[in-house]
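Student: Could you take me through one part of this structure up close? I'm new to it, so please spell out the terms as you go.

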Amino acid sequence: MITVEHVGKRRGRTKVLSDISFEARPGRVTGFLGPNGAGKSSTLRILLGLDRAEEGTALVCGLPFHRLTRPLTVVGALLDGSGAHRSRTGRAHLRWVAASNGLPRGRVDEVLDLVGLTEAAGKRVRTYSLGMGRRLGLAAALLGDPDVLVLDEPVNGLDPGGIRWMRELLRERAASGRTVLLSSHLMGELAETVHDVVVIHHGRIASRGTLAEVTGTHRTLEDAFFALTGDGR
Amino acid sequence: MTLFHAELRKLLTLPSARAGLAIGLVLPPGVMMISAVPEEARQDAGFVQLTLGVIGAIVLGVVSTSSEYTAEGDDAPGGRQITTSLTGTASRTLFLAAKAGALTLVVAVLALVTATLTLALTRPLPDNTVPRVVGVVVYWTFTALLAHGITLLTRTGVVPLTLLILNTSVVSVTFLLSKVTPLAAYFPDLAGSHMFLHRIASPVDLAPVTGGLVMAAWVVALLAVAAVVVHRRDA
């Protein structure tokens with residue numbers, strides 16, 4: 001469960017987020033939709049304790065991030081790239097991440113297998129393609145088998161097979177009662193994956209609800225998005 | 001403890017940190033082997049060479065932190081290890097403490113091993129060897145922590161690495177400043193070297209413990225500032 005209430009943030013004199021409120025519920029995949037620069041990443045980083053909000057609260061399973069003990073067992077995060085240093089091997093990266101939360105070493109091989117990186121595990125991260133880096137980042141997010149997944153543009157860099165694989169994995173996580181929140185600017189892709197949608201535009205929530213509610217009378221989510229934001233040119 | 005374990009693992013699996021270990025381990029005994037000790041420098045024989053090895057400690061201190069902030073590359077310019085570190089840790093204080101703790105342990109062991117190797121090559125052995133080796137271990141550890149603190153502020157390794165290594169090897173800025181003002185004797189590198197060197201061209205003669213305390217004050221102050229900055233800053 002993710003609860004974001006009245007979150008606001010400034011960068012310098014610019015208000016980048018205003019009154020952001022939404023929920024991501026267990027058992028559902030929630031899509032955070034908006035153009036580049038709309039404030040998706042900022043919101044996710046506040047939720048994960050990386051950036052600070054001047055206003056409002058962002059809770060994971062009822063707690064702010066800094067109150068979590070062994071956070072990897074509660075929330076897994078995939079942000080930009082792989083989140084690994086380039087000169088370490090994929091396996092060495094996952095091993096220190098596992099150690100930081102006291103997770104068993106055997107779990108590293110399990111998640112490597114889960115994301116299809118077993119063969120590349122001994123190679124340095126700098127030799128990975130963008131898609132392999134994303135898989136490594138996802139492996140780290142899954143290490144603690146968390147109840148909540150937060151993913152920023154997870155299909156970026158994945159090939160069509162990878163996108164399909166990611167979609168199935170996320171829907172399976174939700175089907176087992178977990179919470180999945182992912183951001184994307186790819187509306188067609190998002191409509192295939194999510195149950196609920198939160199639309200953000202210029203740092204404000206433009207719409208939120210189930211996929212059907214947000215799409216409304218429009219033919220597609222994309223049409224609805226451009227009608228909501230008035231950006232269709 | 002788990003965070004400390006993770007930081008230790010992180011540091012020891014980083015190739016640039018291994019380079020730092022190698023530099024620290026090889027440089028002082030290597031220089032000792034090829035240097036002739038003049039009569040008047042007898043009492044500092046071995047210890048002068050250990051001053052150079054602190055470059056290894058500087059490398060370790062810088063890369064343990066700069067590696068957190070290195071961008072992953074053109075494909076993912078926003079991707080950095082610090083996001084993984086901080087999304088795996090609820091407390092930035094514990095994260096910083098674990099990082100400093102792992103660095104301290106690795107550098108202290110490195111300094112002890114290198115000092116033993118270097119002094120094994122030194123004949124005759126200078127006076128008061130044991131307390132002065134303790135001084136070397138403390139000096140290397142404090143220097144690594146200073147490098148770590150500066151890098152937390154800069155978030156890039158280039159500037160601290162260049163400045164600190166140049167100051168140690170090519171030209172000592174603090175030494176030059178000590179020609180201008182006696183206050184320069186209280187810079188951490190000059191003050192700290194009193195812990196193990198007897199002949200120091202310093203305007204103020206500090207007792208070994210006093211020198212150590214002056215250096216410790218620098219470390220505490222810098223790490224406190226860095227901790228406050230890291231807490232307030234968006235990661």
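**Two packed helices in chain B**

Tutor: Let's start with helix 2 (residues 15–34) of chain B and helix 5 (residues 92–120) of chain B, which pack with their axes 9 Å apart at an angle of about 20 degrees. Helices here are DSSP runs of H or I with at least four residues, strands are E runs of at least two, and both are numbered from the N terminus. Axes are lines fitted to C-alpha atoms, for helices over the stretch in contact, and angles run from 0 to 180 degrees between N-to-C directions. Angles under 35 degrees count as roughly parallel, so helix 2 of chain B is roughly parallel to helix 5 of chain B.

This is a predicted model: local features need pLDDT of at least 70, side-chain atom pairs count only at pLDDT 80 or more, and totals for chains, interfaces and linings use all residues. Residues are numbered from 1 along each chain as its sequence is written, chains are lettered from A and ligands numbered from 1 in the order in which they are written, and side-chain values use heavy atoms, leaving out hydrogens and water.

Now for who meets whom, with contact meaning heavy atoms within 4.5 Å. From helix 2 of chain B, the residues include Gly20(B), Leu21(B), Gly24(B) and Pro28(B), and those they meet in helix 5 of chain B include Val106(B), Leu110(B) and Val113(B).

A cis peptide bond joins Arg123(B) to Pro124(B), with omega about -10 degrees.

Then comes the loop between helix 6 and helix 7 (158–169) of chain B, the place of Arg155(B). Phi of Arg155(B) is near 60 degrees, a positive value in a residue other than glycine. Arg155(B) is partly exposed, with a relative accessible area of 31%; buried means under 20%, exposed over 50%, and partly exposed in between (1.4 Å probe, protein chains only).

Methods:
Parallel < 35°, antiparallel > 145°, perpendicular 65-115°, else oblique.
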